[in-house]
Amino acid sequence: MFCSKCGSQIPDDSVFCPNCGAPAGGPGSGANQNSGKKGTGCWIAAIITGVVFLLIIPIILAAIALPAYSKYTARAKFTEVTTAAGPLKQQVELCYFDLGTLDGCSDSRSGNAWNLERAVKETRSKYVFGAEVKDGVIVMYSQNIHVNGELVFTEILVPHLANDVSNDSAISWKIAPESTCKQADLC
């Protein structure tokens with residue numbers, strides 16, 4: 001084999017010309033041209049891929065987790081609305097026992113052992129805007145709970161007279177389908 005730069009004869013297994021130091025394949029031939037840099041492009045690509053992966057994965061996870069977390073916190077806040085309805089249910093039941101009917105069990109009335117007007121006023125809190133009671137039906141209004149751009153949700157509690165009075169309550173409560181909390185999956 002001969003050096004393409006200086007023309008000297010060099011052994012076949014030589015990498016460089018012993019006379020001039022040029023690569024054995026000669027300059028520009030491509031043989032052993034990048035012998036010191038072999039694999040550098042792969043490492044750079046691997047590093048760039050790793051960095052992109054480390055930046056994108058948290059964004060993808062956040063895009064998945066944030067809506068679920070948001071719904072979870074909204075449900076937790078709405079439990080305050082549901083809990084605030086408890087004393088109102090009790091007052092409606094006392095009204096029913098006093099009057100013998102749900103007609104007249106409204107938030108503007110009070111009786112011997114019940115006071116719906118006061119109970120409604122006491123429901124207001126950070127997440128409870130207020131409540132209304134009419135003929136035993138309780139409508140709870142939320143506030144400061146954000147779901148899908150909505151801020152206020154209702155929970156409509158409808159009393160049903162129990163056929164069997166062997167339990168502690170003569171009234172069972174159902175959430176009406178038109179409650180907006182049902183549509184937002186909060187109650």
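User: Leaving aside neighbours within four places in sequence, which residues is L88 in contact with?

Analyst: Contacts are listed by residue, with sequence neighbours left out. In this predicted model, L88 touches L116, A119, V120 and T123, and also A131, V133, I138 and M140, once neighbours within four places are set aside.

User: Which residues touch the most other members of the largest nonpolar core?

Analyst: The largest one here has 31 residues, and L88, V92, I138, M140, I145, F153 and L186 touch the most other members. At least two residues each come from α1, α2 (116–121), β1 (128–134), β2 and β4 (171–175). Helix α1 gives the largest share, 9 residues. There is also a second, separate core of 5 residues, C3, I10, A22 and A24 among them.

User: How many bridges pair β1 with β2, and in what sense?

Analyst: Strand pairing is read from bridges and direction. β1 and β2 are antiparallel over 6 bridges, with G130 bridged to Y141 in β2. The two strands make a hairpin with 2 residues between them, and D135 in the turn has a positive phi of about 50°. On to the next strand: β2 joins β3 (residues 154–161) through 4 bridges, again antiparallel, and I138 is opposite L157 in β3.

User: Where does pLDDT stay under 50?

Analyst: Where pLDDT is low, the predicted coordinates should not be read in detail. That applies to residues 26–36, where pLDDT stays under 50 and the model has 6 contacts beyond four places in sequence. The chain mean is 84, with 86% of residues at 70 or more.

Note on methods:
Residues numbered from 1 in each chain as written. Predicted model: local features only at pLDDT ≥ 70, side-chain atom pairs only at ≥ 80, totals over all residues. Heavy atoms only, no water. pLDDT = per-residue confidence, 0-100. Contact = heavy atoms within 4.5 Å. Core = buried A, V, L, I, M, F, W, Y, C linked by side-chain atoms within 4.5 Å. Buried < 20%, exposed > 50% of the residue type's maximum accessible area, 1.4 Å probe, protein only. Pairing = 2+ DSSP bridges.
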